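Trainee: Could you walk me through this one? I'd like to start with what sits inside.

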Amino acid sequence: IFLPYFMIKINAGDISMNYFPNLTLFEFLIILTIVSVAFSGQMLHEMIDGDSLSKLSPKASRLIIWIASIISLTIATFSLVVTQYIIFLPVVFFPFGIMYIFRKSRTDLAGRSSLKDVGIILGNLTFFYIIILIIAP
């Protein structure tokens with residue numbers, strides 16, 4: 001998401017120190033929020049797919065996901081307060097959903113109320129929100 005944006009900024013000649021793109025505070029906060037929410041989503045994805053994060057103990061996995069979600073929540077809330085962009089409001093709720101899922105240590109990756117089902121629902125809601133942002137004027 002942000003690498004093409006950097007390429008456009010650099011090609012337009014909007015650079016600082018002859019290398020880095022020159023970002024305003026608003027641009028920087030938007031990119032930082034996207035990166036932090038994507039990171040916490042990736043941690044959830046690692047747990048759902050049974051990859052590296054699920055190899056840890058359930059408490060350690062829960063702690064890592066909570067730390068990622070709290071960092072994401074802090075950055076998104078700060079961005080909402082500083083920029084006053086209402087588009088950050090739903091982004092603030094994503095980490096709450098992830099923290100609610102992991103309010104207790106989970107190991108049920110498959111089954112009746114599996115973690116994978118919850119992850120699919122959260123992913124679809126995120127996708128729907130991005131589509132709305134693209135369509136909205």
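Mentor: Keep in mind that this is a predicted model. Its largest nonpolar core has eleven residues, namely Met43, Leu44, Met47, Ile48, Leu53, Ile65, Ala68, Ile98, Ile101, Phe102 and Leu122.

Trainee: Which elements give two or more residues to this core?

Mentor: Those elements are α2, α3 and α4, and the largest share, four residues, comes from α2. Apart from this core lies another one, of eight residues, which includes Val37, Ala76, Val91 and Phe94.

Trainee: Okay, zooming out, how many helices and strands does the protein chain have?

Mentor: The protein chain has five helices and two strands, and along the sequence they follow the pattern α-β-β-α-α-α-α. Of its 137 residues, 29% count as buried, and the accessible surface of the chain comes to about 8,900 Å², with 73% of that belonging to carbon and sulfur atoms.

Trainee: And how much of the contact between residues at least 6 apart joins residues at least 24 apart?

Mentor: Among the contacts in the protein chain between residues at least 6 apart in sequence, 56% join residues that are at least 24 apart.

Trainee: Let's look at α3, then. What span should it have, going by its residues?

Mentor: Helix α3 covers residues 58-83, which makes 26 residues, and at 1.5 Å a residue it should span 38 Å; the C-alpha atoms at its ends are 37 Å apart, so the two values agree. Just after α3, Gln84 takes a positive phi of about 60°.

Trainee: Which residues of α3 are buried?

Mentor: The buried residues in α3 are Ser61, Ile65, Ala68, Ser69, Ser72, Leu73, Ile75, Ala76, Ser79 and Thr83, and they pack against α2 (25-48) and α4 (88-101). As background for reading such a list, an α-helix has 3.6 residues a turn, so residues three or four places apart point the same way.

Trainee: I see Ser69 in there. Is it buried or exposed, and what does it touch?

Mentor: Ser69, which lies in helix α3, counts as buried because its relative accessible area is 0%, under the 20% cut-off. Not counting residues up to four places away in sequence, Ser69 touches Ser40, Pro95, Ile98 and Met99. Ser69 and Phe94 are 25 residues apart in sequence, and their C-alpha atoms are 8.5 Å apart in space.

Trainee: What about Ala68, what is it in contact with?

Mentor: Leaving aside neighbours within four places in sequence, Ala68 is in contact with Phe39, Ser40 and Met43.

Trainee: And Ser36, where does it lie and what does it touch?

Mentor: Ser36 lies in helix α2 and is buried, with a relative accessible area of 8%. Beyond residues up to four places away in sequence, Ser36 touches Ser72 and Ile75.

Trainee: New topic: how many aromatic pairs are there in the whole structure?

Mentor: A search of the whole structure finds one aromatic pair. The pair is formed by Phe26 and Tyr85 and is tilted, with 5.5 Å from centre to centre and 50° between the planes. Phe26 lies in helix α2 and Tyr85 in the loop between α3 and α4, so the pair ties together parts that are 59 residues apart in sequence.

Trainee: How exposed are Phe26 and Tyr85?

Mentor: Phe26 is partly exposed, with a relative accessible area of 36%, and Tyr85 is also partly exposed, with a value of 34%.

Technical notes: Residues are numbered from 1 along each chain as its sequence is written. This is a predicted model: local features need pLDDT of at least 70, side-chain atom pairs count only at pLDDT 80 or more; totals for chains, interfaces and linings use all residues. Side-chain values use heavy atoms; hydrogens and water are left out. The expected span of a helix is 1.5 Å times one less than its number of residues. Buried means under 20% relative accessible area, exposed over 50%, partly exposed in between (1.4 Å probe, protein chains only). Contact means heavy atoms within 4.5 Å. Rings of Phe, Tyr and Trp (its six-membered ring) pair if their centres lie within 6.5 Å; planes under 30 degrees apart count as stacked, over 60 as edge-to-face and the rest as tilted. A nonpolar core is a set of buried Ala, Val, Leu, Ile, Met, Phe, Trp, Tyr and Cys residues joined through side-chain atoms within 4.5 Å. Accessible areas come from the Shrake-Rupley method with a 1.4 Å probe; for residues, only the protein chains shown count as cover.
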